[in-house]
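User: I am new to reading protein models. Could you walk me through this one, step by step?

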Amino acid sequence: MGRGLPLLLLPLALLAAPARAEGGAAAEEEVQIEVLHLPEACSPKSKKGDLLNAHYDGFLASDGSKFYCSRTQNEGHPKWFVLGVGQVIKGLDIAMMNMCPGEKRKVTIPPSLAYGQQGYAQGKIPPNATLIFEIELYAVNKGPRSVEAFNQIDKDGDKKLSELEISQYLKEEFARDGKKRHPSAHDEILADIFKKNDHDGDGFISAKEYNVYQHDEL
């Protein structure tokens, strides 16, 4: 399992395998959400594109066996990921919408919004498995895919992000949150960002490659 990696990548390695809703009745299945704890001051609430920090345990609904625990990864640090862009399975993107820091949820995700008919052997998830997650959310931050975030990283204003610009942004973010990270984390994140976002291989991430939201215009 990888370390908790923020920003543009896939920090949740176990949960980042492709998931597609199957056709027919399965596509109509919904995520069931049970709120276990709700803070009195429930703000801000998460939305698509936000950068979330959370711990969660995953169980198979069929027998209650645990297939994943974030607290056993990355020296127990919570996981970072961007909500609503496919960094986690579809069901988790849905289940963690409108959630606030300090909130705890128990969610049940049908196969069509998880790993479907194929399952995920590497994660010990069988075909057609219904999954249960217990989630505790710690932070909701403005995500990296907004126009504002792009412009913040794009220091020279040329509408494309260089390796140097993203490297500097990562260093600033790491210094801001103050968390202890493995020395190789910076280089791993930087390489993964370009691998997953530099689609034309020109060494830059263009506004089009970066911008995943239709309502954001650069």
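**Reading strands and helices**

Analyst: Gladly! Let's begin with a pair of strands: β2 and strand β3 (residues 66–69) run antiparallel and are joined by three bridges. Strands count as paired if DSSP finds at least two bridges between them. Helices (H or I, at least four residues) and strands (E, at least two) are DSSP runs, numbered from the N terminus. This is a predicted model, where local features need pLDDT of at least 70, side-chain atom pairs count only at pLDDT 80 or more, and totals for chains, interfaces and linings use all residues. Residues are numbered from 1 along each chain as its sequence is written, and side-chain values use heavy atoms, with hydrogens and water left out.

User: Thanks! Which residue stands opposite Gly58 in β3?

Analyst: That is Tyr68. The hairpin of β2 and β3 has five residues between the strands, and Gly64 there takes a positive phi near 75°.

User: Which other strands does β2 pair with?

Analyst: β2 pairs with strand β4 (residues 79–82) in the antiparallel sense, over four bridges. Here Asn53 has Trp80 in β4 as its bridge partner. β2 also runs antiparallel to β6, joined by 10 bridges, and Gly58 has Phe133 as its partner in β6.

User: How do I read the side chains along a strand?

Analyst: In a regular strand, side chains alternate between the two faces of the sheet. Buried means under 20% relative accessible area, exposed means over 50%, and partly exposed lies in between (1.4 Å probe, protein chains only).

User: And how many residues of β2 are buried?

Analyst: In strand β2 (residues 51–60), 10 of its 10 residues are buried. Leu51, Asn53, His55, Asp57 and Phe59 point one way, Leu52, Ala54, Tyr56, Gly58 and Leu60 the other way, and all are buried. For the chain, buried residues make up 49% of the 218 residues.

User: How do I describe two packed helices?

Analyst: Two packed helices are described by the angle between their axes and the distance between the axes. Helix α3 (residues 163–177) and helix α4 (residues 185–197) pack at about 135°, with axes 10 Å apart. Axes are lines fitted to C-alpha atoms, for helices over the stretch in contact, and angles run from 0 to 180 degrees between N-to-C directions. α3 and α4 are therefore oblique to each other: angles under 35 degrees count as roughly parallel, over 145 as roughly antiparallel, 65 to 115 as roughly perpendicular and the rest as oblique.

User: Which residues meet there?

Analyst: Glu163, Ile166, Ser167, Leu170, Lys171 and Phe174 in α3 meet His186, Ile189, Leu190, Ile193 and Phe194 in α4.

Methods: Contact = heavy atoms within 4.5 Å.
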